[in-house]
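Here is a short tour to read with the model open beside you. Let's start with a sheet, then move on to a helix, a strand, a loop residue and some charged pairs.

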Amino acid sequence: MANLINVARGIEKADLVIKNANLVNVLSEEIHKCDIAITDGIIAGIGRDYQGEKEIDINGAYVTPAFIDGHVHLESTMMLPREFAKIVLPAGTTTVIIDPHEISNVLGLHGISFMHEAVRNLPIDVYTMLPSCVPATPYETSGFDLNSYDLSLLIDKPWVLGIAEMMNFPGVLNLDKNVMAKLELAKSKDKRIDGHAPYLGGKDLCAYIASGVKSDHECTTPEEAIERIRLGMYVMIREGTAAKDLDALIPVLKNCNTRKCIFVTDDRHPADLKEHINGMVRRAVEAGVDPIKAVQVASLNTAEYFGLNNLGAIAPGYKADMLILPDLKSFKPDVVIKNGNIVAQNGKLTAPLRENEELSMRNSVNVRWITPEDFKIEAGVESGNIKVRTIEVIPHQLITKSVESEVRVVNGNAVSNLDNDTLKICVIERHRATGNIGKGFVKGFNLKCGAIASTVAHDSHNMIVIGTNDADMYEAAVALIKCQGGKVVVNNGEILSQLSLPIAGLMSDKEFDYVVDKCEELNRAASSIGCTLNDPFMTMGFLSLPVIPELKVTDKGVFDTNKFGFVNTILHPAKV
């Protein structure tokens, strides 16, 4: 501390001085010229005439705090954290708050520990929010059930900031004992509780917030966001791969108190990572948001919400996490500084990354022995045409429609109808080898032959298979069992494309470019068998999530969210 004080006073030289900076000061909400003195990874002082062992004259370039992603599921990138850091650090993100919800549904506490081990010694700060809803619902089979006792084993860890998105808001409102225990655990430790409450409003929203939940990333309209800000919530403005809310919430950033707003990515696929939080800042400024406030939303607001009191600003005593920018338009950093060290320049990582270590991970695709017969759907009649309850995909949305469709019956079994795009969909339980297989029909993929399958299927991540015939659906499932999870396209028994995800059936152990290339290859292969969706694997990954309207299928059967229960696939009377 003595060294820090002496450097701040100008008595001793700093380790590094950034000279002639235009500082974007998120504390005073102004831009002013200064030098920035850094020692031992901490900002010692800002002012004039500081001297350092190393000095960088940036000739009036802009300096901002480095950016923070306030809510992200790293598993959605399908890569290990090492590869994630390699891509987002040059974009200016030096801190992320993760929710290992996906891997926890597969591996429980071991999944959380695995993620913590995987982020150690990386040149990026990673904090954890403990998953609050594992499993997400009782209508599917997950790998584990994490209760408040399980979470209590980790809640005191310094890298744990609180309890992640409390999706079970009905459980909060109805005083569910398990939910209450998790909320009380966080509150007893003075830790944060993140929210997840789409469409909740009025007195029920007040009750949800009064329980201790202080943020929400499910706002899709300005009205929802404003109501939450008025009630003291932080609004996490999300821009993921599937769910994109930034454009809709720009009026909030332009016209309201932005100090309760945070930028988050939630779920992003690899191809969408090269522009990260900096891309959200850029687009906000392009839409007319004040640049200082946009930077504030990407840094100080997030740090203050999570109690990271030494992050998010450039001032004495703060960690020296900062960006040097040529302007306040592109928000592409020339230099990224983390803990006082240059970690990226001109879009390229310069900091060394440790080699991947062999982290302990058990096999996670545990399926009872299957045969092609397991994919048959009994029709109740021997032949003819029948009506079936069908999931209809809505392009670019997670919600679906429940519609009636017509399929043929062959030898007493309902089969896919390629003429009207009604394809068979099966969800195979893959955690406990129960033998559960939920079976239904889906419209919107337009496959003309073959099958596609994936072990990335929110939230319990059972194996999901969509196909035109039972034989290819079986081959696709077997391929994923053999590679311990992933994504695959099959036609006539031949694998056209496959991405292995052996880490919990969710993540690859390969490098970023390999994963991106394989994802593009998978989409091309799906297109070659007729699929008309740009990213069918992302769409199918949400068809097993029974908390999103209107019709879904889990390993336990077809689930109707309007009736909030399981329903028959075959509509009776069967004949048409």
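## The open sheet and its surroundings

In this predicted model, 5 strands make up an open sheet with the order S6-S7-S8-S9-S10, and their pairing is parallel. The edges are taken by strand S6 (67-72) and S10, each with a single partner strand, so one side of each has no neighbour in the sheet. On average, neighbouring strands of this sheet are turned by 30° against each other, direction ignored.

A few notes on how to read the values:

- Residues are numbered from 1 along each chain as its sequence is written, and side-chain values use heavy atoms, with hydrogens and water left out.
- Because the model is predicted, local features need pLDDT of at least 70 and side-chain atom pairs count only at pLDDT 80 or more, while totals for chains, interfaces and linings use all residues.
- Helices (H or I, at least four residues) and strands (E, at least two) are DSSP runs, numbered from the N terminus.
- Two strands pair if DSSP finds at least two bridges between them.
- Angles run from 0 to 180 degrees between N-to-C directions, with axes being lines fitted to C-alpha atoms, for helices over the stretch in contact.

- S6 and S7 run parallel and are joined by 4 bridges.
- Look for Asp69, which stands opposite Val96 in S7.
- Helix H11 (residues 277-286) packs on the sheet and touches S6 and S7, and its direction makes about 105° with that of S6.

- As a reminder, an α-helix has 3.6 residues a turn, so residues three or four places apart point the same way.
- Following H4 comes Asn121, whose phi is positive, near 65°.

**Strand S25, covered on both faces**

- In strand S25 (residues 463-467), 5 of the 5 residues are buried, so the strand is largely enclosed by the rest of the structure.
- One side of S25 carries Met463, Val465 and Gly467 and the other Ile464 and Ile466, all of them buried.
- S22 and S25 run antiparallel and are joined by 5 bridges, with Cys426 opposite Val465 in S25.
- Strand S24 (residues 451-454) also runs antiparallel to S25, through 4 bridges, and the bridge partner of Ser454 in S25 is Ile464.

- Glu218 sits in the loop between strand S11 (215-216) and helix H9 (222-230), and is buried at a relative accessible area of 12%.
- The side chain of Glu218 makes polar contacts (N or O atoms within 3.5 Å; within protein, one must be able to donate a hydrogen and the other to accept it, and residues adjacent in sequence count only if both atoms are side-chain atoms) with the side chains of His196, at 3.3 Å, and Arg238, at 2.9 Å.
- Leaving aside neighbours within four places in sequence, Glu218 is in contact with His196, Ala197, Pro198, Glu224 and Arg238.

**Salt bridges**

- The structure holds 22 salt bridges, each a side-chain nitrogen of Lys or Arg within 4 Å of a carboxyl oxygen of Asp or Glu.
- Lys424 and Asp470 form another salt bridge, with their closest N and O atoms 2.7 Å apart. Lys424 lies in strand S22 (residues 422-428) and Asp470 in helix H14 (residues 470-482), so the pair ties together parts that are 46 residues apart in sequence.
- Lys424 is buried at 2% relative accessibility, and Asp470 is buried at 17%.
- Lys189 and Asp156 meet through their side chains in a salt bridge (3.3 Å, N to O). Lys189 is partly exposed at 36% relative accessible area, whereas Asp156 is exposed at 53%; exposed means over 50% and partly exposed lies between that and the buried limit.
- Asp125, Lys319, Asp321 and Lys338 are linked in a network of salt bridges.

Technical notes
Buried < 20%, exposed > 50% of the residue type's maximum accessible area, 1.4 Å probe, protein only. Contact = heavy atoms within 4.5 Å.
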